[in-house]
Amino acid sequence: KMFKKDKYCIIRQAISKDLAAFVANYFSIKKQVYDTCRQARFISPYEILLGEYEGADGQIPHTYSSYADIAMETLMLKCQAIMEKTTGLKLTPSYTYARIYKQGDVLKRHKDRFSCEISTTMSLAGDPWALYLDPTNTELPDVTKPYIPIGNKGIKVDLKPGDMLVYSGCELEHWRNKFKGKEH
């Protein structure tokens, strides 16, 4: 009921802390492999199989990310049933995108593209870093015009490893302020 009314819902311990730690460690090691291969010139800067630092979405340059990582895709399928139960919708999985945020990163206020109609953010590990939602402007963006954020303070959402936020990504502005921790 909360999702239908508010367009978001926090699910505590959507996955176990052990599974969150396992996936976080896997992703951290994948980043280390990418860094080693790139430094040794085993791969070109354009190779995205292992991830990249210039992110396909352009939101946070110089931060390691990976689109459609196999472990993350598997995790998405594992969480599909709980997302469907939470939203009351039959969902079709579309894609995953994972990042290892670093100190100083900022995720600017935005609304998602249409393939992110129902989005989720899951915390796997690292220093705490709040995500903010603004439910006051739920109008869908006009794709023919540039998107301009409205600037309300928003609702602070803190997630611990294994917690998941399910939200209407196209309707709710969301963002993260400057990260003061080491890694998230």
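In the predicted model, the largest nonpolar core comprises 25 residues, of which Leu124, Met164 and Val166 touch the most other members. At least two residues of this core are supplied by each of strand S1 (8-11), helix H2 (17-39), helix H3 (70-87) and strand S8 (164-167). The largest share, six residues, comes from H2. Beyond the residues up to four places away in sequence, methionine 164 touches Cys9, Ile10, Ile11 and Ala14, together with Cys79, Ile82 and Met83, and also Thr120, Thr121, Met122 and Leu159.

Serine 123 is located in the loop that runs between strand S5 (119-122) and strand S6 (131-134). This serine 123 is classed as buried because its relative accessibility is 4%, the cut-off being under 20%. When neighbours within four places in sequence are left aside, the contacts of serine 123 are Ala20, Leu159, Lys160, Pro161, Gly162, Asp163 and His184.

An open sheet is formed by four strands in the order S4-S9-S6-S7, with antiparallel pairing. Strand S4 (107-110) and strand S7 (155-157) are its edge strands, each pairing on one side only. With direction ignored, neighbouring strands of the sheet are turned against each other by 20 degrees on average. Within this arrangement, three bridges join S6 and strand S9 (residues 173-176) in the antiparallel sense.

Methods:
Residues are numbered from 1 along each chain as its sequence is written. This is a predicted model: local features need pLDDT of at least 70, side-chain atom pairs count only at pLDDT 80 or more; totals for chains, interfaces and linings use all residues. Side-chain values use heavy atoms; hydrogens and water are left out. A nonpolar core is a set of buried Ala, Val, Leu, Ile, Met, Phe, Trp, Tyr and Cys residues joined through side-chain atoms within 4.5 Å. Buried means under 20% relative accessible area, exposed over 50%, partly exposed in between (1.4 Å probe, protein chains only). Contact means heavy atoms within 4.5 Å. Two strands pair if DSSP finds at least two bridges between them. Axes are lines fitted to C-alpha atoms, for helices over the stretch in contact, and angles run from 0 to 180 degrees between N-to-C directions.
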